Amino acid sequence: MADLDGIKDGKDFGIGVPQVSEPFFLKGCNSLDWGLKNRMAQIFNPKSGNTVMLAFDHGYFQGPTSGLERIDLNIQPLFEHADVLMCTRGILRSVVPPQTNKPIALRCSGGNSMLGDLSNEMIAVDIEDAIRVNASAMAAQIYIGSEHEHQSIGNLIKLVDLGVKYGIPMLAVTGVGKEMARDARYFALASRIAAELGANYVKTYYTETGFERVTHSCPVPIVIAGGKKLPELDALTMAYKAIDQGAAGVDMGRNIFQSEDPVAMIKAVRAVVHEKATAEHAFALFNDLKNSK
């Protein structure tokens, strides 16, 4: 029991100074519960409002693709420079050291391979296991316009409901099949559907034309996918344009871990995302870091 001796009456109640309820810094997130906001603030830097996510979950359908043959050798040196690690629970448990202490965006959809129909996914992680590994977000693919559109949307809805129940944000990833368009109209449609169904943020592709239509019509934050490997300057230019046009970050994989200098590249990407460096400045930084070794 607390010691009751020497208790003093409170004096400084700030009378005349209203208590301020500060709005949350991410769009579309002000009405979320405290736990959801807290996890979103782990994912997105409160100072810049943006995030650099490192995606290395490709193995769940691609296997040991180039750059991901050995996560412990090729990807682990990048952990300290990322804001968020996006991976599967298998890689998380087997390779990612717990002391890494980075937010985890946990891949929670699966059930396909590159040999079959990519859109034919199911929920691949139980919510209790997401909690057990301390996931800061759950990620699932949705395939708008595909044969299994309804199934993938159903996966998202179930995970959104579980995320709300347990305070874990939901990241919807707009998957693109071979026959799907890759234009602003399509990604605006897919991103808006994801947000309407409760996704807390959306991962989609950058489009050279009309990307502002995508970001401004989506009521929650958007991060762009890095996509296929590009020359470093092109990848940095894509990141710069996306941030300039309303994206709240990037979720890059191949454009970082397949770079000729992955550590220099992720540092250059950080300069664009968090410091609003131009692509040219970031590319110069990349070359300086690469050549200084």
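How are α11 and α12 oriented relative to each other? The two helices are roughly antiparallel (an angle over 145 degrees), because the axes of α11 (residues 262–275) and α12 (residues 279–291) cross at roughly 155° and come within 8 Å. Axes here are lines fitted to C-alpha atoms, for helices over the stretch in contact, with angles from 0 to 180 degrees between N-to-C directions, and helices are DSSP runs of H or I with at least four residues, numbered from the N terminus, while strands are E runs of at least two.

This is a predicted model, in which local features need pLDDT of at least 70 and side-chain atom pairs count only at pLDDT 80 or more, whereas totals for chains, interfaces and linings use all residues. Residues are numbered from 1 along each chain as its sequence is written, and side-chain values use heavy atoms, with hydrogens and water left out.

On the α11 side the contact (heavy atoms within 4.5 Å) is made by A264, M265, K267, A268, A271 and V272, and on the α12 side by A282, L285, F286, L289 and K290. These residues divide into 9 nonpolar, no polar and 2 charged.

**Salt bridges**

With a salt bridge taken as a side-chain nitrogen of Lys or Arg within 4 Å of a carboxyl oxygen of Asp or Glu, the count comes to 11.

| Salt bridge | Closest N and O atoms |
|---|---|
| R270 with D83 | 3.0 Å |
| D129 with R89 | 2.7 Å |
| K290 with E260 | 3.4 Å |

R270 lies in helix α11 and D83 in the loop between α3 (71–74) and β2 (84–87), so this pair ties together parts that are 187 residues apart in sequence.

D129 in helix α5 (residues 127–132) and R89 in helix α4 (residues 89–94) are 40 residues apart in sequence; D129 is buried at 8% relative accessible area, and R89 is partly exposed at 30%. Salt bridges that share partners also join R89, R93, D129 and R132 into one network.

K290, which takes part in the helix contact described above, is in helix α12, and its partner E260 is in the loop between α10 (254–257) and α11, 30 residues apart. K290 is partly exposed at 24%, while E260 is exposed (over 50%) with a relative accessible area of 57%.

How values were computed. Angles under 35 degrees count as roughly parallel, over 145 as roughly antiparallel, 65 to 115 as roughly perpendicular and the rest as oblique. Ala, Val, Leu, Ile, Met, Phe, Trp, Tyr, Cys and Pro count as nonpolar, Asp, Glu, Lys and Arg as charged, and the others, Gly among them, as polar. Buried means under 20% relative accessible area, exposed over 50%, partly exposed in between (1.4 Å probe, protein chains only).
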